Amino acid sequence: MKIINKKFFLIYYTLLFFIISSCIFLPFFFKGNSLIHECDGYNQYFPAFVYIGRYLRESIRTLSFKQFDFAIGYGEGIIPALNYYGFGDPINLLSVFIPIRFSAFAFSMLLVFRIYLCGISMSYYLRKAGSQWHICLFSCLTYAFCSYSLVKGTQFYPYITTMILLPLMMAGIDKTLKSNKISFLFIFSVFLQSINSFYFLYMDTLFIILYFIIISVKKQLSSVIKQGLYLFSQYILGILMGAFIFMPAVYGFLSSTRGSFSSMKLTSLLFPQVDTLINYWGNFFIGRGYSSGDLAFTILEIICLLVFLTKKGASRRFKTLSVIVLVGYFIPLTGYIMNGFSYSTDRWGYLLHFIIISIMAETIDSISKLNKKFILLFSSFILFSFIVHLLNFSITSSSIIRVLLYIIFIAIFLIISYMNIIERKKLVYIFLFANIILNGCMIFWPVVLGGDGYSSSFKAYDLLKLETNNSDTILSPLDSNKFSRENIDISKSSYGTSMINNFYGTTEYLSILNSNISNFYQELAISPGIRGSSWTLTGLDNRNIPEDLLSVATNNTDYLPIGITYSSFMSLQNFKKLLIPQKDTILSQSIILEEIPETDLPETFTSDIVQSLDISVVIENASINDNFFTSEEKCEMLISINSPLTQNEELYISFSNLYSYSSWENTITVDGKDLLLLQADVQPYYSGYSPESYWVKINPLPPRNTVTVAFPAGQTFSLDDVKVYSRNTNLDSKGLASLREYTLQDINYKQDSITGTLDVPDNRILFLSIPYSAGWSCYIDGSPVPIYRANIGFMGIPLQAGRNKIILQYETPGLLLGIIMSLSGWLIYVLCYVIYRHFKGKQNQIPRCTSNGVSRSL
């Protein structure tokens, strides 16, 4: 191991990294798959990556930075919406050089590069902690290829960026606490994390607080306060430096559907579910992709942990820290707190891997002297984990192969060790290296070889080419005076295809989503059926009025322009009392206002243009008990409409209190549309969205006037009632014609601004199909006017009779304050660095005497 030194470390690390990654990612090569996960990767992170590259190129070309874009959902602030998806990640700056047709390959390569950097940053931390170069080499490989980076990191690449920054942050903290000197590395790491993801900065902050408390035990209070303030001031400086992104991102989070707490039962937070514990223990050593937990420690990590915990004189701080974090990992309350009191999650698992690998680096050279009793006890522990794994995943050929591979692997190690074929110290590192490869292969390799087949859940390059082929040439609708949105078939494209191909759509799958848009969907009970979460929008369910109102041009030549006027209004309070079909009709006649401005417009109070239809309901192939039924094979609900129907009617079906009792979520099919159901005890994951009734529009009218609802077999459901309503659409044309009579004209779309003129014969309210946001301001004839929340989630502006010259401007909330804070922070940082270097230079020039009496500078 002596050959591994500072000079050759990077060469050895790169070579071993290449060997490991080649083995682990081999199935991707044979399948032609990218590293873009078919769920969030394809629908969120990849579209954001493509968008960021285009955004940077456009910013360089125009020497300006756009703040708002209609290509993000229905129109979102860029920083608030995309910071969680890499807008602020320094590595994504490289996307500026990547043509969109190569973006899928670049995305995959940059993800591997991130994993590579994980090991580099970990090696820096370990060297500062005093580890030898050969220990750093194998420990940082373990960190880079831990199950967290291979499972969660390949799904969500910002998670890997967080893993890169954590060791640097901790190295800076240790320097400050040991020497009472400023750590510019810590400040800069906090800055990078604040612009990369405030979400993970929050987790890191909690971890730092815990770490500081543990190492401060038995210290004098005055010393603790002094060090705490010193560390805190550096932490705040780092956030100040990143405030130009941090402040808008935090503001966006607080005004989104995610910006609220969710309540959970105390018992569910304190005591983990049995199946969760079984899953964790069963995957304690075995790499898995589709199972939760992300543990899959190498065997040496746990051996080192046990040796460390039982070793006298071992670091008390890491002993305490490792026990607290490891036990906390199995308690849902920890995940609940770490996730911002939203719902319990194990996304903070990177902290656990960091601690255990740090302990391994401190202990690994001493484990070659383990006694037989320890080896026997530990082997029993491993065997117990393997048995749990088999029982949890059923005894199949795949699970048997998987366990046998690990048993053979351990047996070979023990035989070689016993026969002294290889020096024990070298054997330990060979064993660790092989264990890293084995764990990774078990995650990605095919099921027939004992793997989890996780590589199959990533998109093929050929399919991604279809998504990006024309994205460099598609023009934005704002290049013309005619604004429109397009519906897409999400079964054939990404939810974020509008960001990839630069058009305006009706789909959005973003965690930080303007809550006004989701409120619009919920108030109108729009159930496009793909997802039940409040931050996922998938079209408008082919409902005529909402599509007309929001300028959806797909198969619709009669859609409304971006700015229309209403001559009457209805209060939101009265609007909420209406049935869903009534609400659609009212939107074509009166604007809905939460706050009523001073106006002489008449108020609408009700709508009766709906009819409840006579129906009969039969559930086939199910066991029925009162309001509950358990589905069997080919379970269907047949809803027969006995009332006569005409072609000018829209049908709406209402399912009252329809819930699933058998699993976390279930999908049923209503007349060909998938509809996701919630459990009766609604999951906190779907915070803010707990419908008492599901509404589905039936389009076209069903054959033989019968609607079929298909249920998955072997599940239990509850249902209180089913009703069918029809809405007469004859009056729609009259209402829409009235809205189209006076519209915004001479529209000029510029970066973050819209101008236009509007002549109205009397006082009216201008409706703009732009999501309501505090970032927008309006001026009419040069004077500022208030913007009201209209039609649940959009913008309404009162107009006076006559000609109105309208200017709309957007400024990201928190951006100006953030820029001022960042400039101040960077000024302080540079001044501190200059002063630090100045005084350090003076110290180095102080002469001192050597042993032979010759003076030299320190």
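Asn-791 is buried, at 0% relative accessibility. Here buried stands for under 20% relative accessible area, exposed for over 50%, and partly exposed for values in between, with a 1.4 Å probe and protein chains only. The structure is a predicted model, in which local features need pLDDT of at least 70 and side-chain atom pairs count only at pLDDT 80 or more, while totals for chains, interfaces and linings use all residues. Residues are numbered from 1 along each chain as its sequence is written, and side-chain values use heavy atoms, with hydrogens and water left out.

Asn-791 lies in the loop between strand 26 (788-790) and strand 27 (794-799). Strands are DSSP runs of E with at least two residues, helices are runs of H or I with at least four, and both are numbered from the N terminus. Asn-791 is not a glycine, yet its phi is positive, at about 50°. Ala-296 also has a positive phi, near 45°, and is a residue other than glycine. The loop that holds Ala-296 runs between helix 14 (274-282) and helix 15 (299-310). Ala-296 is buried, with a relative accessible area of 8%.

Ser-571 belongs to strand 8 (residues 569-571). With a relative accessible area of 12%, Ser-571 is buried. Contact means heavy atoms within 4.5 Å. Apart from neighbours within four places in sequence, Ser-571 is in contact with Ile-592, Leu-593, Ile-596 and Glu-603. Asp-600 sits in the loop between strand 9 (591-593) and strand 10 (610-612). Asp-600 is exposed, with a relative accessible area of 59%. From C-alpha to C-alpha, Asp-600 is 7.4 Å from Asn-763 in space, although 163 residues separate the pair in sequence.

Helix packing was described from axes, which are lines fitted to C-alpha atoms, for helices over the stretch in contact; angles run from 0 to 180 degrees between N-to-C directions. Angles under 35 degrees count as roughly parallel, over 145 as roughly antiparallel, 65 to 115 as roughly perpendicular, and the rest as oblique. A crossing is left-handed if the near helix is turned anticlockwise from the far one by less than a right angle, and right-handed if clockwise.

Helix 6 (residues 133-144) and helix 21 (residues 424-444) have axes that come within 10 Å and cross at roughly 20°. The crossing of helix 6 past helix 21 is left-handed. On the side of helix 6, the contact is made by His-134, Ile-135, Phe-138, Leu-141 and Thr-142; helix 21 supplies Tyr-429, Leu-432, Phe-433 and Ile-436. This contact of helix 6 with helix 21 has 7 nonpolar, 2 polar and no charged residues. In this scheme Ala, Val, Leu, Ile, Met, Phe, Trp, Tyr, Cys and Pro are nonpolar, Asp, Glu, Lys and Arg are charged, and the others, Gly among them, are polar.

Helix 6 also meets helix 1 (residues 6-24), with axes that come within 10 Å and cross at roughly 30°. Helix 1 and helix 6 are thus roughly parallel to each other. Helix 1 passes helix 6 in a right-handed crossing. Lys-6, Phe-9, Tyr-12, Tyr-13, Leu-16, Phe-17 and Ile-20 of helix 1 meet Trp-133, Cys-136, Leu-137, Phe-138, Cys-140, Leu-141 and Ala-144 of helix 6. The contact of helix 1 with helix 6 divides into 13 nonpolar, no polar and 1 charged residues.

Cysteines were then considered. A disulfide is a pair of cysteine sulfur atoms within 2.5 Å. The whole structure contains 0 disulfides. For Cys-136, the closest cysteine sulfur is that of Cys-140, and at 7.1 Å it is too far for a bond. Cys-136 is buried, at 0% relative accessibility. Cys-778 is buried at 2%.

Helix 9 (residues 184-196) and helix 10 (residues 198-216) have axes that come within 6 Å and cross at roughly 140°. Helix 9 is therefore oblique to helix 10. Phe-186, Val-190, Gln-193, Ser-194 and Asn-196 in helix 9 meet Phe-198, Phe-200, Leu-201, Asp-204 and Ile-208 in helix 10. By class, this contact of helix 9 with helix 10 has 6 nonpolar, 3 polar and 1 charged residues.

Leu-210 is placed in helix 10. Leu-210 is partly exposed, at 24% relative accessibility. Not counting residues up to four places away in sequence, Leu-210 touches Leu-321, Ile-324 and Val-325. Leu-210 and Leu-321 are 111 residues apart in sequence and 7.9 Å apart in space, C-alpha to C-alpha.
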